[in-house]
Amino acid sequence: MNPLDFVKPSIRELLPYTLRQYQYELKLNQNENPFDIPLELKDKLLAYARRRSWSRYPDFVPEEFHQKLAEYTGWAKEGILVGNGSNELIKDICILILEKGSRVVIPVPTFTLYKLISTALGAEVVEVKLKADYTFDMEALSEAVAVHSPALIFFSSPNNPTGSILPIDGLEKILQETNSLVVVDEAYYEFSGTTCLPLLKKHRNLIILRTFSKAFSLAGLRVGYLIADPELVKEIAKVKLPYNLNFFSQIAATYVLENRALLQKRVEYIVRQKDMVYQALSGIPGVKPYPSYGNFILFETLFDVKSLFFALLRKGVLVRDVSGYPMLSRALRVTISKEEENRRFIRTLREAVDAAQ
């Protein structure tokens, strides 16, 4: 018997969420923060870990961490749920809401996990293309919601990989007009400085996702959280795996929140660097960058994308090839890093473009 016969056909047809591993000198492909956690915080965390028994489970409900998040967000701790990265919470929301035949509306191009998990659970995904400039087409989205009556709507704001931001007035219009659950993934919130959190007080069908992987430099520890109506959080918690966030990640994220003033300075630095990189990209013939509210920039090229990607890689610079996404056949995405690394990327790209002409 073929063991694959046990796998649902819908799963076998899916393309996995994966990332090819390359050899590189400069890693600019995953929107990570180039700054590590300060050594003094690491030492404090390691001292705590040495004292704490590793044979005991973490707290079933991490009350202290929830309280820190409540203070940071200004939202009641009863309306907060933490996860092993925000990706786990995306999966939990889908498990809670979706069943075979459910519909999900997703703008594209966007983070591919929304579609992957929705499809795996038997939902029908309705894709709504962004505008030509990669901003949200709120009129088309409203129409799709009205026609398809989805159970779930996903937004990424700032949108990954395009960097565009969701207009609050357009979002509120959709929240008012639909009975759908609306999820806004604010993974890059700290870089954009904009949030739809004020809408939560008026719209109980809104969920906000955030992460510690980007601005807070904890990608290696997988910490995310969601903000929603407390009654909704109770229901999502039913499908969350118990003890899903280990004690080490919990305390690391708590320490980070307590010391976020330092991290905020780093965020401001990255935003300034992003402006520099955008201007530099704008001056390279055959390259067109798009405005971004995240810590990355999407850029298109008149040259062969694959050839340009590998030309950069041969020079040790790894960016993200997003040409397989809808609408992005000529696009690459670069993560903003420290100044000397950003300048190396620009210099290497110029050399690759000159060679391609």
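**Surface, fold and pockets of a predicted model**

The accessible surface of the chain comes to about 17,000 Å², and 52% of that area belongs to carbon and sulfur atoms (Shrake-Rupley method, 1.4 Å probe). The model is predicted, so that local features need pLDDT of at least 70 and side-chain atom pairs count only at pLDDT 80 or more, while totals for chains, interfaces and linings use all residues. Residues are numbered from 1 along each chain as its sequence is written, and side-chain values use heavy atoms, with hydrogens and water left out.

**Overall fold**
- Of the 357 residues, 53% count as buried, meaning under 20% relative accessible area with a 1.4 Å probe and protein chains only.
- The chain has 13 helices and 13 strands, taken as DSSP runs (H or I, at least four residues; E, at least two) and numbered from the N terminus.

**Largest pocket**
- About 860 Å³ of space lies in the largest pocket, a pocket being an open set of points on a 1 Å grid where a 1.4 Å probe fits, with protein on both sides within 12 Å along at least five of seven lines.
- Its lining comprises 30 residues, of which Leu15, Pro16, Thr112, Gly324 and Tyr325 lie nearest the centre, lining residues having an atom within 4 Å of a point.
- Helix 5 (113-120) is among the elements giving two or more residues to this lining, and helix 5 gives the most, with three residues.

**Second largest pocket**
- The second largest pocket holds about 500 Å³ of space, and of its 25 lining residues Tyr17, Gln30, Asn87, Phe111 and Lys214 lie nearest its centre.
- Helix 4 (residues 86-97) supplies the largest share of this lining, three residues.

Technical notes:
Grid points are joined across faces, edges and corners, and a volume is the space filled by probe spheres set on the points. Buried means under 20% relative accessible area, exposed over 50%, partly exposed in between (1.4 Å probe, protein chains only).
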